[in-house]
Structure formats: C-alpha cells, structure tokens
Number of protein chains: 2
Amino acid sequence: MSTTLEEIAKQAGVSRSTVSRVMNDHPSVDQDTRARVRSVAERLNYQPNVAARSLAVGRTNVIGLVIPMGVSALFTDPYFPLLIQGITSACNANEHSVMLWLAEPEYERRTIRQVLQGGLIDGVILASALMEDPMLEALQRRGLPFIMVGRLPSDNQISYVDVDNVNSAREMVSYLLRLGHRRVATIAGPTNMIAGSDRLEGYRLALRNRGLTPDPALIVEADFTEEGGYVAMQRLLPQAPNAVFVASDAMAIGAMRALREAGLRVPDDIAIAGFDDIPMSARMEPTLTTVRQPIQRMGSLAAETLIDMISHPHPQPRRIILPTELVIRESSGFAPNR
Amino acid sequence: MSTTLEEIAKQAGVSRSTVSRVMNDHPSVDQDTRARVRSVAERLNYQPNVAARSLAVGRTNVIGLVIPMGVSALFTDPYFPLLIQGITSACNANEHSVMLWLAEPEYERRTIRQVLQGGLIDGVILASALMEDPMLEALQRRGLPFIMVGRLPSDNQISYVDVDNVNSAREMVSYLLRLGHRRVATIAGPTNMIAGSDRLEGYRLALRNRGLTPDPALIVEADFTEEGGYVAMQRLLPQAPNAVFVASDAMAIGAMRALREAGLRVPDDIAIAGFDDIPMSARMEPTLTTVRQPIQRMGSLAAETLIDMISHPHPQPRRIILPTELVIRESSGFAPNR
DNA sequence: TGCTATTATGGGAGCGCTCCCATGAAGTGA
DNA sequence: TCACTTCATGGGAGCGCTCCCATAATAGCA
C-alpha cells in the first residue's frame with residue numbers, strides 16, 4: 001500500500017527524478033515545483049522505501065550495536081540500558097536507526113556474518129568488554145567502520161570512546177590511601193574484560209605510587225555481579241583489609257552484604273569504594289563512595305562519532321576519553337589515623 | 001567488496017537464477033550443481049545483499065522493538081534488559097534481526113513514520129506499558145503485523161503476550177489477607193500504565209472477595225521507581241497499615257527503606273509484598289515476598305509469535321497469557337492472629 | 001519410435017530508488 | 001543576433017535480488 005516516487009511524480013505532474021531531488025533537498029529545483037511535490041508527498045504520507053534507497057546508494061543509515069552476551073552479568077546492572085539510551089538518542093537526532101545484536105555464543109558465527117555482510121548496516125558500535133572478541137578481528141578484516149565503547153589497550157588503530165579506567169581507579173585507591181587506610185584490598189572484575197583489568201591496573205599503580213607492593217592475597221577477582229562481590233568479600237575477610245576498592249558498584253553492594261553478615265561495620269571497621277555510581281549507590285546504608293562515569297554520554301558520543309566516521313572516512317582512528325568523577329560518600333569513611 | 005549472485009554464477013559456470021535457487025534451497029537443482037555452487041559461495045564468503053533481497057521480495061526479516069521512553073523508570077530495573085534478551089534470543093534462533101527504537105517523546109512522530117513506513121521492518125513488538133500510545137493507533141491503521149508485551153484491556157483485537165496482572169495481584173493480596181492482616185494497603189503503579197492499573201484492580205478484587213471495601217486512604221500511586229516507593233510509603237505511614245502490597249519490587253525496596261528510617265520492622269510491624277521478583281529481592285534483608293513473572297520468556301514468545309504472524313497472516317489476534325508464581329519469602333511474615 | 005510429463009537451467013522483467021547524461025529554456029555578453 | 005553558460009527537468013541505466021516463463025535435456029509410456 002506504500003506510495004512510491006513514481007506515484008508522487010504522476011500526481012504532481014513531474015518526473016520521478018524531480019521528486020527524488022525534492023526529497024533529497026537537491027538545490028536545483030524550482031521553488032514552485034518543490035512546494036507542489038512536497039504537498040503531494042505530504043498528502044499521500046510518502047515515506048521512501050529504505051531497501052530501494054539502500055540498494056541504489058549503498059548506505060542504509062542503520063548502525064549495528066553489538067553486545068557480547070557472554071557478559072550477561074552486565075545486563076543486571078544499569079550499564080547497558082544507559083548505554084543503549086545514549087546511543088539511540090543520538091541516532092534519533094541524526095536520523096539513523098539502531099540494529100541490536102546480543103551476540104550469544106551459540107549464534108556467534110552467524111551473527112558475525114550477518115553483521116558484517118549483507119549490507120544491512122553502515123557501521124558498528126561494539127560494546128565489547130572482552131579483551132579478545134572474534135567480532136573485533138572480523139570487523140577489522142572487513143573494513144566496516146566501527147567504534148568500541150571501552151578501549152582496547154592492545155591495539156591503537158581502533159577507534160573508541162572510553163573513560164580512563166586506569167586513572168579513575170588509581171585516583172580512588174589513592175584517595176583511600178590518603179585517608180590513612182593501610183591494607184587496601186581490591187575486588188577486581190574479570191581480567192578478560194578490559195574494564196576489569198584496567199581498574200586492577202589502576203589499583204596497582206596507586207599502591208606503587210605510595211611505595212607499596214601490591215599483595216596478591218589482597219586481590220580477589222569476581223565477575224562484576226552482586227553475588228560475585230559477596231563471595232569475593234568473604235574470601236577477603238581473613239586478610240583483614242582496612243579498605244576495599246571494589247571494581248563495580250554491583251559487586252560493592254554484594255561485598256557490603258557479606259560484611260553486614262560478618263558483623264563488620266562500614267566504614268568504621270572497613271572502608272568500601274565502588275565504581276560506576278549506579279542509582280542504588282546513593283541509597284545504600286551507608287551510601288557508597290564510588291567513581292561516576294558518564295555512561296549515557298559515552299553512548300551518544302560513540303554513535304555520533306561513528307556516524308561521522310561513516311560519512312567522512314578518515315584513516316586516523318578516533319579516540320575519545322571522557323572524564324570520571326570521584327563521588328565521595330559515607331562508605332569510605334575518614335582516616336582512622338592520619 | 002561484497003560478492004554478488006552474478007559473481008558466484010560466473011565462477012560456478014551456471015546462471016544467476018540457479019545460484020539463487022541453491023541459496024534458497026529450491027528443490028529442482030541438480031545435486032552436483034548444488035554442491036558446486038555451494039562450494040564457490042563458501043569460498044567467496046558470499047552473503048546475500050539484504051537490501052536487494054528485501055526490495056525484490058518485500059520482506060526484510062527484521063522486526064522492530066519499540067519501547068516508549070516516557071517510562072524510563074523501567075530502564076533502571078531489569079525488566080527491559082530481560083525482555084530484550086528474550087526477544088533477541090528468539091530472533092537469533094529464527095534468523096531475524098532486531099531494530100530498536102526507544103521512542104523519545106521529542107522524536108515520536110518521526111519514529112512512528114520510520115517504523116511504519118519505509119519497509120524497514122516486517123513487524124513490530126510494542127513493549128508499551130502505556131494505556132494509550134499513539135504508536136498503537138498508527139500501527140493498527142497501517143496494518144503492519146504487531147504484538148504487544150503487556151495487554152491492552154480496552155481492545156481485544158490486538159495480539160499480546162502478557163501475564164495476568166489482575167489475578168496475580170489478587171492472589172498476592174488474598175495471601176496477605178489470609179495471613180490475617182486486616183489493613184492491607186497498596187502502593188500502586190501509575191494508572192496510565194497497564195500493569196499499574198491491572199495490579200491495582202487485582203488488589204481491589206481481593207479485598208472485595210473478602211467482603212472488604214477498598215479504602216482510598218490505603219491506596220497510594222507511585223511511578224514504579226525506588227524513590228517513588230520511598231515517598232509513597234511515607235505518605236502511607238499515618239494510615240498505619242498492617243501490610244502493603246507494592247506493585248513493583250523496585251518500589252518495595254524504596255518502601256522498605258522508608259520503613260527502616262521510620263523505625264518499623266518488616267515483617268514484625270508491617271508486612272510487605274512486591275511484584276516482579278528482580279534479582280535484588282532475594283537478597284534484601286528481610287528477603288522480599290513477591291510475584292515472579294517470566295519476563296525473558298515473554299520476550300521470546302512475543303518474537304516467535306510475531307514472526308509466525310508475519311509468515312502466516314491470520315485475522316485472529318493471538319493472545320498469550322503466561323502464568324506467574326507467588327514467591328513467598330520473609331517480608332510477608334506470618335499471621336499476627338490467625 | 002514418437003509423443004507427452006518431468007526435471008534442470010537460463011534469461012528477462014521488475015522491486016523503488018539514485019545518479020548521470022541529455023535536453024530545452026532562460027539568461028549573459030559581445 | 002549568435003554562441004555560451006546556467007538552470008530546471010526528464011529519461012535511462014543500474015544497484016542485487018527474486019520470480020515467472022521459456023527452453024533444453026531427460027525420462028516415461030504406449
């Protein structure tokens with residue numbers, strides 16, 4: 001039932017080409033003709049056929065968003081929702097649409113093919129938290145424009161939007177050290193995720209900057225979930241740390257649950273700091289000291305940058321680092337001896 | 001750089017048509033030819049051009065997922081992530097892709113046009129929680145296949161997948177009443193959302209079934225957020241209810257925070273029951289009695305049903321109601337006098 | 001052996017659009 | 001007035017695919 005260019009042309013008494021020019025804001029069309037065509041198009045509620053346009057022009061104005069579902073843990077915290085919101089919002093504003101792929105392991109190869117070939121999309125946002133993602137390699141080989149959310153330290157030819165996880169973590173841990181906590185432990189994220197390994201790196205740096213040697217016994221790895229944080233904290237308890245830098249708020253919440261059960265008070269007996277600043281963190285008891293990252297903004301920037309990369313190809317990778325913010329609340333406490 | 005049918009044809013020494021037949025598993029192709037074409041396609045890593053196929057065949061194998069962003073509150077609880085996961089998973093399994101639109105109010109009209117026309121998608125999943133959604137009307141007028149997640153009580157010509165909010169709420173409130181609580185209040189969801197008004201309806205039904213008249217003073221409306229639940233509970237406190245049925249777990253968590261601050265113990269002083277069974281609910285202190293709904297499964301079913309509707313058009317609307325489950329935990333307590 | 005079903009394949013048209021080139025009208029300067 | 005540019009428009013080709021129809025090769029049967 002959908003109207004075609006030809007139909008509009010007939011009704012407006014012009015040719016297909018002229019209508020096409022009007023629809024694409026081509027300059028050399030007479031004012032009157034333009035107005036006439038516009039009104040007919042309006043009346044017939046004309047909307048160009050995307051498939052036909054794509055076929056002719058080789059562009060779809062659709063970008064793909066690929067999220068590896070191996071990390072489904074992340075889906076329980078607000079990270080991805082916020083990211084998606086930022087991305088779709090920027091796409092809306094730039095007349096693009098978003099195709100969503102949750103890359104489930106069992107369909108991985110097919111997803112990759114679909115994403116890469118077939119001309120469905122003009123570019124890809126890869127919200128991969130994984131250190132090595134097969135999709136990444138395929139994207140590079142293919143030459144499809146793409147941008148990562150979260151940086152890949154191993155390759156500096158890749159465009160990305162990220163926060164400086166290393167430095168943010170370093171600053172937070174430095175802050176804990178400055179408060180006077182001596183045994184500062186960390187509950188790290190999975191080291192096969194970029195954010196996980198970067199935040200751990202920041203933790204180590206902060207210690208070294210104070211002339212301290214990171215103690216492996218004070219480093220426990222978990223999976224970014226509340227449950228993981230809970231278990232990790234229990235494993236950490238025998239080490240009797242004064243403070244714990246937890247690599248995500250979700251894990252910090254779990255850690256605090258473990259502490260509560262163990263009869264320890266935060267921050268009096270042990271200080272806690274998280275990372276992410278999810279909405280829950282401000283409502284804990286005690287409220288959680290954490291690192292705020294501009295997730296939604298990362299999403300919009302990734303989309304905008306990608307769209308720009310598609311229309312203005314350019315060999316240089318774009319690298320965007322957004323600032324984070326230390327949010328000091330109750331859980332970090334004050335220096336016991338300063 | 002992408003290979004075309006014609007290219008495969010040339011290399012395999014057959015015609016475009018034959019290659020097309022092979023790719024679409026058409027029966028009347030010689031075994032040898034088929035094998036030869038297959039191997040060439042494999043070697044050249046051929047992937048049919050989606051735009052061209054869509055243009056020719058009038059189908060895209062893409063479905064749209066439309067989420068009204070007016071209800072961004074829902075994005076902070078795991079409802080939408082789980083729903084999306086269910087949908088994409090079913091789409092993966094059925095060789096479809098998902099186009100995501102978060103319908104921001106400012107782009108609403110354009111979104112609607114994009115979604116409906118342009119032939120980008122074959123059908124729509126409308127995860128609308130709103131009682132009246134302009135998208136809905138547009139979809140109906142257009143005749144594009146679509147299915148809702150969450151039922152629309154006012155219209156029985158629309159296909160949907162839903163849980164029985166009314167009865168689930170009724171059962172939960174009946175349970176609270178059976179425990180012996182006499183003054184049972186409710187923190188309802190927004191009444192312009194279907195789930196909100198349905199759960200309130202269930203609350204009223206349960207009271208009436210016990211011969212009680214719902215007391216407007218015991219009914220407070222909030223917005224499904226933690227913060228909203230917190231404020232609502234504070235407004236409810238002067239009424240001194242024995243139990244509160246809260247229409248979402250997120251709100252229940254907020255309500256419990258308000259109670260804690262007011263020095264009231266759950267469930268000893270006041271019983272609480274929620275709705276949703278988000279992961280957090282099992283880890284509260286006390287753990288939260290709630291209604292579990294199969295969100296992810298609703299997503300997959302919606303996708304599968306929609307895909308079926310697209311390939312087998314049928315005037316009858318499909319209506320699917322999934323069962324819920326009462327999850328009795330600590331917060332509902334035991335009967336004070338039974 | 002001749003005739004009709006059956007099977008395997010090729011080629012043309014067309015999906016709705018864009019983009020290039022051709023054409024005619026109008027405007028410019030000598 | 002005549003070349004010469006500029007502007008507005010039309011028409012053809014082609015994007016890569018599917019689908020229909022034609023045709024050639026083979027099989028089936030009297």
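This is a predicted model: local features need pLDDT of at least 70, side-chain atom pairs count only at pLDDT 80 or more; totals for chains, interfaces and linings use all residues.

Q: Which residue stands opposite A:V98 in β2(B)?
A: The residue opposite A:V98 is B:L100.

Q: How many residues of chain B are in contact with chain A?
A: There are 36 residues of chain B in contact with 36 residues of chain A. On the chain B side, α4 (50–57), α5 (79–93), β2 (97–103) and α6 (108–116) each supply at least two residues. Of the elements of chain B, α5(B) gives the most, with six residues.

Q: What classes of residue make up the side of chain B that touches chain A?
A: That side has 16 nonpolar, 15 polar and five charged residues.

Q: Let us turn to strands inside one chain. Which strands does β1(B) pair with?
A: One partner is β2(B), in the parallel sense over seven bridges. In that pairing, B:I67 has B:L102 as its bridge partner. Another partner is β3(B), again in the parallel sense, over four bridges. There, B:I63 stands opposite B:G123.

Q: Is β1(B) mostly covered or uncovered?
A: β1(B) is mostly covered, with seven of its seven residues buried.

Q: Where does the pairing continue from β3(B)?
A: β3(B) pairs with β4(B) in the parallel sense over three bridges, and B:L126 stands opposite B:M148. Two bridges then join β4(B) to β5(B), which run parallel. Here B:M148 stands opposite B:Y160. As for cover, both faces of β4(B) have it: B:F146 and B:M148 on one side, and B:I147 and B:V149 on the other, are all buried.

Q: What is the strand order in the open sheet of four strands?
A: The order is β7-β6-β8-β9 in chain B, with parallel pairing. The edge strands are β7 (219–221) and β9 (271–273) of chain B, each pairing on one side only. From one strand to the next, the twist averages 15 degrees. Within this sheet, β6 (residues 184–188) and β8 (residues 243–246) of chain B pair over four bridges, and B:T186 stands opposite B:F245.

Q: Which strands does helix α9 of chain B lie across?
A: Helix α9 (residues 194–209) of chain B lies across β6 and β8 of chain B, running at about 170 degrees to β6(B). Helix α10 (residues 226–236) of chain B also packs on the sheet, touching β6, β7 and β8 of chain B. The direction of α10(B) makes about 150 degrees with that of β6(B).

Q: How do I read the sides of a helix?
A: An α-helix has 3.6 residues a turn, so residues three or four places apart point the same way. Now take helix α7 (residues 134–142) of chain B, where the buried residues are B:M135, B:L136 and B:L139. They cover an arc of only 100 degrees around the axis, which puts them on the same side of α7(B). The face turned away from that buried side carries the exposed residues B:E137 and B:R141. Just after α7(B), B:G143 takes a positive phi of about 85 degrees.

Q: Why does the distance between the ends of α12(B) agree with its number of residues?
A: Helix α12 (residues 295–311) of chain B has 17 residues, which at 1.5 Å a residue should span 24 Å; the end C-alpha atoms are 25 Å apart, so the two agree. The buried residues of α12(B), including B:I295, B:M298 and B:L306, pack against β1 (62–68), α5, β3 (123–126), β4 (146–149), β5 (160–163) and β11 (319–322) of chain B.

Q: Why does A:T305 count as buried?
A: A:T305 counts as buried because it has 21 C-beta neighbours inside 10 Å, and the cut-off for a buried residue is 20 or more. A:T305 lies in helix α12 (residues 295–311) of chain A. Leaving aside neighbours within four places in sequence, A:T305 is in contact with A:I147, A:S159, A:V161, A:R318 and A:I320. Of these, A:R318 is 13 residues from A:T305 in sequence and 7.9 Å from it in space, C-alpha to C-alpha.

How values were computed:
Residues are numbered from 1 along each chain as its sequence is written. Chains are lettered from A and ligands numbered from 1 in the order in which they are written. Two residues are in contact if their C-beta atoms, placed from the backbone, lie within 7 Å. Ala, Val, Leu, Ile, Met, Phe, Trp, Tyr, Cys and Pro count as nonpolar, Asp, Glu, Lys and Arg as charged, and the others, Gly among them, as polar. Two strands pair if DSSP finds at least two bridges between them. The expected span of a helix is 1.5 Å times one less than its number of residues. A residue is buried if 20 or more other C-beta atoms lie within 10 Å of its own, exposed if 12 or fewer, and partly exposed in between; C-beta atoms are placed from the backbone. The arc is that of the directions from the helix axis to the C-beta atoms. Axes are lines fitted to C-alpha atoms, for helices over the stretch in contact, and angles run from 0 to 180 degrees between N-to-C directions.
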